[in-house]
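Please read them alongside the coordinates.

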Amino acid sequence: MNLAEIIHDEDLTFAEKMLTIKQIEQKEVKRSGDIAIVSVDLAAGQDGTSPLAIKVFREMGGTKVWDPSKVLLVIDHTYPSASSQISGLHKLMRIFAQEQGVKLVEGSIIHQVILEDHAAPGMLIVGADSHTTTHGALGAFATGIGSTELAAVWLEGKIWFKVPSTIRVYVDGDLPKGVYAKDIALSFIGQVGADGANYKSVEWKGNVVSKLSIASRATLCNMSMEAGAKNAVVEYDTITESYLKEVNRSPMIIVKSGRKAEIEDEIHIECSKLEPMVAAPSRVDNVKAVTEVEGTPIDQAFIGSCTNGRLEDLIEAAKILRGRKVKEHVRLIITPASRKVYHEALKLGILEILFEAGAVITNPTCGACVGTHLGILGEGEVAIASSNRNFVGRMGHPTSKVYLASPATVAASAIKGVITDPRDFL
């Protein structure tokens, strides 16, 4: 089959089409369960994973990466450095980037950098970070890999995958007041479980998804990883087209799942019945309506991360916090996902609103989400966060507890000092 035939084949899923198209040698159609050796369009790593990839690359005898224009390094997990040991890892990355002539970005979260500057429909993106699934928001096949795999990709420009089977998630109805993409994602994870989409391709569909911004679609694709997804995707449409025009990028190819394709499962989410959701400690699939945990005291509230640190998230938080104050003895930490997000929020006066409410506004970084700096939880402390993981010790002390929620729910909770339904403020 030629490229046009594959793209228009109604019997193939998005993942089957993409991994068929990206094959390096054989050109037969790949079906779920087949092995495909594919070419890579972007291979990215961050400061938690790249140092090992650099070490392995050199152990493999690597002297030059296969294509410097397709390699991205980002220092984001602990930036600025919080220790001399971490500074050494950052230095290693800077030296490697200079030697190889690859792009190095410091002080913006890797997935936000890729969304802003690199991802496009039809790309095959791999990253040594599990939340690389984020970039399916732009119609790319994007997935996380290990550091040693990243080193091999740097060397050869290719990787093998087993073609994943597909789960389609239909999100229909109307979004009620106080309900956001994060609530949809938590509802999905609550339904299928933390391993319910293991090595599956998750296709997000439905009339609600068709109206969501790229930022909100990124939240859906990012959180799909928390159900174990190999990749997640929202297919190209007019919203994708408008976004690409704004950032002056074009699709590589436009791939959509076939209507007659064989899928493993179909999930339906009726948004009109959806409430603000919360993932309670210490599993992301321990999902409850906010009304079930309302009143739980908190010590810290965090808005940021690759899940919900984008401009629209800060705007929603500011709507709730405008003219109000963070509860005494509660720490509200706001961490924009990138320097661009920070700058836009600054120009729009969003950061001023958050600051006047009593928030601590940090530089762009992963920060509190990864529990290495800028908001580490102490013994027995409780946090509500707009990030993506809440397992034991994720944000600090093993006895601390983390609830996950939308930025609006986090902001409302910061005002009252207890977990709070954001609809009280909207």
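**Notes on the model**

1. Helix H7 (residues 181-192) lies across strand S8 (165-172), S9 and S11. Its direction is about 135° to that of S11. Axes here are lines fitted to C-alpha atoms, for helices over the stretch in contact, and angles run from 0 to 180 degrees between N-to-C directions. Contact means heavy atoms within 4.5 Å. Helices (H or I, at least four residues) and strands (E, at least two) are DSSP runs, numbered from the N terminus.

2. On provenance: this is a predicted model, where local features need pLDDT of at least 70, side-chain atom pairs count only at pLDDT 80 or more, and totals for chains, interfaces and linings use all residues. Residues are numbered from 1 along each chain as its sequence is written, and side-chain values use heavy atoms, with hydrogens and water left out.

3. The sheet is open, with four strands in the order S10-S9-S8-S11 and parallel pairing. Strand S10 (231-233) and strand S11 (265-270) are the edges, each pairing on one side only. Neighbouring strands are turned by 20° against each other on average, direction ignored. Two strands pair if DSSP finds at least two bridges between them.

4. Look at the S9 and S10 pair. Strand S9 (residues 200-205) runs parallel to S10, and three bridges join them. Valine 202 is opposite alanine 232 in S10.

5. Which residues of helix H9 (residues 238-246) are buried? Thr240, Tyr243 and Leu244 are (buried: under 20% relative accessible area; exposed: over 50%; partly exposed in between; 1.4 Å probe, protein chains only). They sit on the same side of H9, because they cover an arc of only 100° around the axis; the arc is that of the directions from the helix axis to the C-beta atoms. Helix H5 (110-117) and helix H8 (214-224) are among what covers them. The face turned away carries exposed Thr238, Lys245 and Glu246.

6. Check both ends of H9. Aspartate 237 caps the N-terminal end, with a side-chain oxygen 3.0 Å from the backbone nitrogen of isoleucine 239. Just after H9, asparagine 248 has a positive phi of about 60°.

7. The structure has zero disulfides (a disulfide is a pair of cysteine sulfur atoms within 2.5 Å). For cysteine 221, the closest cysteine sulfur is in cysteine 306, 12 Å away and so too far for a bond. Cysteine 369 is in no disulfide either; its nearest cysteine sulfur, that of cysteine 306, is 6.3 Å away. Cysteine 221 is buried at 0% relative accessibility, and cysteine 369 counts as buried at 5%.

Definitions and conventions: Polar contact = N/O pair within 3.5 Å; in protein donor to acceptor, adjacent residues only side chain to side chain.
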